[in-house]
Amino acid sequence: MGGRLVLVIGSQTDGGARLEVLPGAAHNLAEVLTHPDLGRCRPALPAGPTVLDPTYRELDAALHEAFRQAHDQRATLIIAFIGHGDFTDDDYYLMARDSTGPDSQDALLVGQRIKELLRRYPDLDGLVLLIDACHAALGLEAVARDCLAPIRRSLSRFEVLTAADEGKAYNACMSRSLAELARTGHRGYGEHLRAQDIRERLLSSCGYQLALHLSFNGTDEVPGSDRGLWLLANRGSHWQGSPLAGTAFVPVAEGLRTRLVRRPVEAEVSQALASDGRCVLLHGPAESGKSTLLAGLLQPAHAGLLLSGGELLESIAGELRRQLELTLDGFAEAVTGYWDTVPDQAGASADAFELNVLGPLRRLAPIAEVRIVVDGIDKFADGNRDRLWGLLTRLLDEPELAAVRVITAARNPPAGLPATVVVVPPATEAEIDQVIRSHEVPGHRVPQLVRQAGQSWTAARLFSEAVLAAGISADGARLPRELTEAFDELLRRAKIRTPGAIGEQGRDVLALLTATGPGPVLPITVLAAALGQEIAEVRTVLARLDAIIVRAHPGEDHELVGLALPALADYLADGAVLGVDPALGHARLAEVLAGEPRRGTPAADYAQAAEVRHRWLSGRHAEALDSLDQREARIPAEQRERWSALAQLVSEHFGADHPLSLRAEGRVATWTAKAGDAAAALRAFGYLLDRVHALFGPAHEEALNLRENIAFWTHAGGNPVQAKENYDQLRADCLRLLGPDHPQTLMTRHDRAVVLSATDGPEIALTEFRAVLPARERVLGPTHLDTLRTRTNILYRESDVPHPPPVASRWSALVADLSNTVGADHPDTLTVRCFAAMFLAKSGEVGPALDLLRQLRPPTEQVFGRWHPQLRKVDEQLDFWRRFDEESLGG
């Protein structure tokens, strides 16, 4: 189940000084930690998140139950105690209502009890202890002393934040400050407030006491806080109010913003932005700092994209639309208005950029200045990179959209892009010196590091961090002289070189992250499944890799993770450093993604974008084509472009005449037809058929399959008579060449029956479908998708002929068989659910049918897309039967 659990304990002690801030401080802290926009925790106990004034037995029972719940749910556990603390020698106790003194007979011996609970319940996804009591540093020491052994054994992560050192804590200042900070946030921190950040704020807000913090990553005590063990979402973040807030772009931008130094080129950028040009393009080599400059321009942009190179253009356009809906007055209404004016056929032929960005902007024009920042186009493969530049050129060439301004970057600017070019030079020696000194490196080290770094911003940062690590390290840290040595030192500090399970786990994770490429793109659910581990185990490894990875939504169910540095991804790409064949990483990811649904989860979105690539790079080339068949885009023009890119890749790898190349070109033709140009598709199919005849002869299965496509799209293009003639000839050839039971023969008979409905009537078609069904059941099996499609046609047409209508159970059985065979979100399943609802309404059950149609509409739009005829059919049925129902009631 995962997630985050919290238990807040507020306890007076009989005979002790009364804490007037209780129970209010406990309730307020629990309120912010369970708030869906702040702490996002669930109560650890069924009775709620707070326990007030417990006896010692009640306190111990509450802790026991909280640990058990977190263990069973594989959840992060946050325990906060507000009350009295006491000690004897180096033993520290939390005092319950009936505690008589610092003795384990009736007070909680912190270190010992936490150790016992961790030993009994080791499967927590991290533990955070907040101790708001006097002398709490002794509790921190006790936890560190007593709990490290069980934590090391289970490779768990934990943090402790105390209100005070060995002195007193006053008026629950830590808890009250934490609750107040939750409501206001702080601009100086990122999207989450962690224990380390809270401690910094407590030093000023609770001046009479010294807060302390301890963090342990499963193997070592570490400075800073675990990214996944955050306490609160930061309501006052720099990104609050930005359209990027809550996206995976934020941790990337945060990483870039930490490298900001003042550069002379910034004045040129400002001058270019002040000009009348519609595009400002930062031009410079790799490592010149273009991305860092763009990160500084994300606010106040209306939209910003920091692309990783693996995104689909459909998702890029959708993200631009989402951001503009947040920042541009009237844009959301313009989107709705534009979409309502686009007919199905035009929607099928338009690309995602037209439907999500260009069309709505035209409808909104004239508008005030709209600023869009786009980085990362250079990371895309050639075809998609060229297409992205083409889309931006279209945007900038629109005369109605003169107010739209684009700020972007490129190593090699594309020809024809109307842009004001600002040359970004490599870093100067003075700028590298500034970066190194910003890390507070000892002055005598700076000149040497400047020489070693050359013009590389990455090297300057990594060399500086290595010097600092060596200064606090007792494990033999080495000072790198080359960038590859810096990478090796990072890997050593992350324990990748450690013998045994710890090193192996780290190498396995890095191999998979290398396969995905840089940036936070891989859902942690997919990573865990590919490793065969629980998410909590994976997060422990990620904590050790903190210096070389980037995480979006850390600690949450929809967390995304990836390598932080493109240069490191390149260094690890061939597998030699990790000792892992790169193809194996792609294969492991592809196997996991094959089981993901089509839509609706981060894993499904990643599968949509990346499964084809992972299958291809694992060497399973035919499966890559199968994957793209299964992962259809919602916009037909986008699916056509994806097939075009894959067809080019296949042709380059195998040659234009390879069967896979011909198959891919056939899919391009199919999606050309689905995008609204059946005539062009038929020409493409005819050209392919001529090639196949020349290569393999007219009796080859691929030739027969192409003839099948020509007949199908002839019918779909409005010529059923010609289609029937094509099918008659094809059926005769299939029977002669392949035999009556070959799947291609059965496919031809099935599709010919579809045409017969238009040429000879539904009775004749139904007779042929009934003849095909037993053959398909015998040859393919009763639950094969093609068999189920024949059953669908029989049931549908039985309602159109003078014949008793099928009973509802037959439709229900067909829906169940489709759901079990291809999934509830498969297009065939959704189509049959619509037919089932139509039949139910026609049989008189209008109310239940309307309920089914309402439930069906969201997944239909999600899977098919807004402009697919199937969505229009659902809407038409909803409208018809809604009016029918209202008229019946009125009558």
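Predicted model: local features only at pLDDT ≥ 70, side-chain atom pairs only at ≥ 80, totals over all residues.
Helix 24, residues 602-617, packs with helix 25, residues 621-630, at an angle of about 170°. The two are therefore roughly antiparallel to each other. Their axes are 7 Å apart. On the helix 24 side, the residues that meet helix 25 are E611, V612, R615 and W616. Helix 25 brings H621, E623, A624, S627 and L628. Sorted by class, this contact holds four nonpolar, two polar and three charged residues.

Next, helix 19 and helix 23, which cover residues 501-516 and 582-594. Here the axes cross at roughly 80° and come within 9 Å. Angles of 65 to 115 degrees count as roughly perpendicular, so helix 19 and helix 23 are placed in that class. D508, L512, A515 and T516 come from helix 19, and they face G585, H586, R588 and L589 of helix 23 in the contact. That contact divides into three nonpolar, three polar and two charged residues.

Which residues touch the most other members of the largest nonpolar core? They are L282, L361 and L395, out of 70 residues. Helix 13, residues 352-364, supplies the largest share of this core, with seven residues. Take L395: beyond its neighbours within four places in sequence, its contacts are R278, F353, L358, L361, I372, L401, V404 and V406. There is also a second, separate core, of 55 residues, with A486, L491, A528 and V538 among them.

Conventions:
Residues numbered from 1 in each chain as written. Heavy atoms only, no water. Axes fitted to C-alpha atoms, helices over the stretch in contact; angles between N-to-C directions. Helix = DSSP H or I, 4+ residues; strand = E, 2+ residues; numbered from the N terminus. Parallel < 35°, antiparallel > 145°, perpendicular 65-115°, else oblique. Contact = heavy atoms within 4.5 Å. Nonpolar A, V, L, I, M, F, W, Y, C, P; charged D, E, K, R; others polar. Core = buried A, V, L, I, M, F, W, Y, C linked by side-chain atoms within 4.5 Å. Buried < 20%, exposed > 50% of the residue type's maximum accessible area, 1.4 Å probe, protein only.
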